[in-house]
Amino acid sequence: MLNRLKEIATEAGSVILSMYERRDYSTAEKTDDSPVTTADIVASELIEDRLKQSFPGIPVISEESEHQDYNERRQWKAYFIIDPIDGTQEFIARSGDFAVNIAYVEHNEPVIGVIFWPVGEALYYAQKGLGAFKQDATESRSINVRKFNDPKTDPIIIAISRRQAREPVLNRLQTERDIQPLPTGSCSLKACFIAEGKADCFLRLGPTGEWDTAASQVIVGEAGGRIVNENFEPITYNRTVSLLNPNFLVLGDQSVPWDEIFIARQARFR
């Protein structure tokens with residue numbers, strides 16, 4: 001299954017990249033005022049079609065498709081959850097920082113995660129218990145979060161959005177350490193950068209969906225990190241009527257006292 005999901009993510013990414021380079025797409029707004037492009041829709045249909053062909057009988061949740069009623073979803077033992085373009089704003093802004101997310105969930109826990117970054121020609125993937133990896137044009141290698149020499153004093157590299165104000169995030173840090181912002185794009189790419197040691201943490205404030213974190217959760221977890229809500233509790237999947245996430249943190253080296261560094265809040269979006 002992992003190998004097939006890698007193939008599907010790469011195929012969808014190639015289609016997206018072609019549309020991106022040719023500027024062959026149009027843009028609209030969804031009912032929640034977030035943007036969507038024809039590339040999102042084309043990629044969603046392609047991924048859903050390939051998954052249904054390869055794994056008939058396993059349901060699929062896509063950000064860009066109508067979501068099944070919770071009374072039906074709650075019965076599922078396993079399903080796929082996808083974000084055909086994570087970082088649609090980055091796609092429209094032409095920063096290149098967007099990705100394809102595919103996750104396989106069993107018993108409400110993501111166990112396979114695949115994230116393809118078309119512009120960066122990089123494929124991040126993981127399966128629970130088997131480690132996390134990054135594949136590019138030359139090799140596939142194991143990745144791990146950056147280990148601190150001194151977990152209590154070392155500078156912290158925080159992945160931060162190019163599109164959203166920095167102050168609400170930086171104001172949540174209560175530390176005298178040197179903080180080094182790393183501006184980048186989509187939620188999943190920030191998580192991948194933490195998984196491979198380019199950054200140490202990421203705080204997401206504002207609404208996101210479970211499709212934004214499912215694949216990342218496997219990759220980050222297998223690389224030695226974790227994704228949690230602001231109370232440092234695990235993010236849950238398909239356990240409520242809403243598929244929206246709370247505010248969440250992606251954290252690298254677990255020897256760092258993250259609960260002393262980030263000020264907790266209670267905001268939730270479910």
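The buried residues of helix α2 are covered by elements that include α1 (2–22), β2 (35–37), β3 (60–62), β4 (78–86), α4 (88–93) and β5 (99–106). Helices (H or I, at least four residues) and strands (E, at least two) are DSSP runs, numbered from the N terminus. The model is predicted: local features need pLDDT of at least 70 and side-chain atom pairs count only at pLDDT 80 or more, while totals for chains, interfaces and linings use all residues. Residues are numbered from 1 along each chain as its sequence is written, and side-chain values use heavy atoms, with hydrogens and water left out.

Helix α2 itself covers residues 38–54, 17 residues in total, and spans 24 Å from its first C-alpha to its last. That is close to the expected 24 Å at 1.5 Å a residue, where the expected span is 1.5 Å times one less than the number of residues. Its buried residues are Ala39, Asp40, Ala43, Ser44, Leu46, Ile47, Glu48 and Leu51; buried means under 20% relative accessible area, exposed over 50%, and partly exposed in between (1.4 Å probe, protein chains only). An α-helix has 3.6 residues a turn, so residues three or four places apart point the same way. At the start of α2, a side-chain oxygen of Thr37 comes to within 3.2 Å of the backbone nitrogen of Ala39.

Asn108, in the loop between β5 and β6 (109–117), has a phi of about 70 degrees and is partly exposed, at 23% relative accessible area. Glu121 lies in the loop between β6 and β7 (122–127); its phi is about 50 degrees, and at 54% relative accessibility it counts as exposed.

Next comes a helix pair. The axes of α6 (residues 187–195) and α7 (residues 210–222) come within 9 Å and cross at roughly 5 degrees. The two helices are therefore roughly parallel to each other, a term for angles under 35 degrees. Their contact (heavy atoms within 4.5 Å) is made by Cys187, Ser188, Ala191 and Ala195 of α6 and Asp212, Ser216, Ile219 and Val220 of α7. These residues divide into 5 nonpolar, 2 polar and 1 charged.

Ile194 also lies in α6 and counts as buried, at 0% relative accessibility. Leaving aside neighbours within four places in sequence, Ile194 contacts Val145, Arg146, Ala199, Asp200, Cys201, Phe202, Val250, Leu251 and Gly252. Pro207 is 13 residues from Ile194 in sequence and 21 Å away in space, C-alpha to C-alpha.

Note on methods. A polar contact is a pair of N or O atoms within 3.5 Å; within protein, one must be able to donate a hydrogen and the other to accept it, and residues adjacent in sequence count only if both atoms are side-chain atoms. Axes are lines fitted to C-alpha atoms, for helices over the stretch in contact, and angles run from 0 to 180 degrees between N-to-C directions. Angles under 35 degrees count as roughly parallel, over 145 as roughly antiparallel, 65 to 115 as roughly perpendicular and the rest as oblique. Ala, Val, Leu, Ile, Met, Phe, Trp, Tyr, Cys and Pro count as nonpolar, Asp, Glu, Lys and Arg as charged, and the others, Gly among them, as polar.
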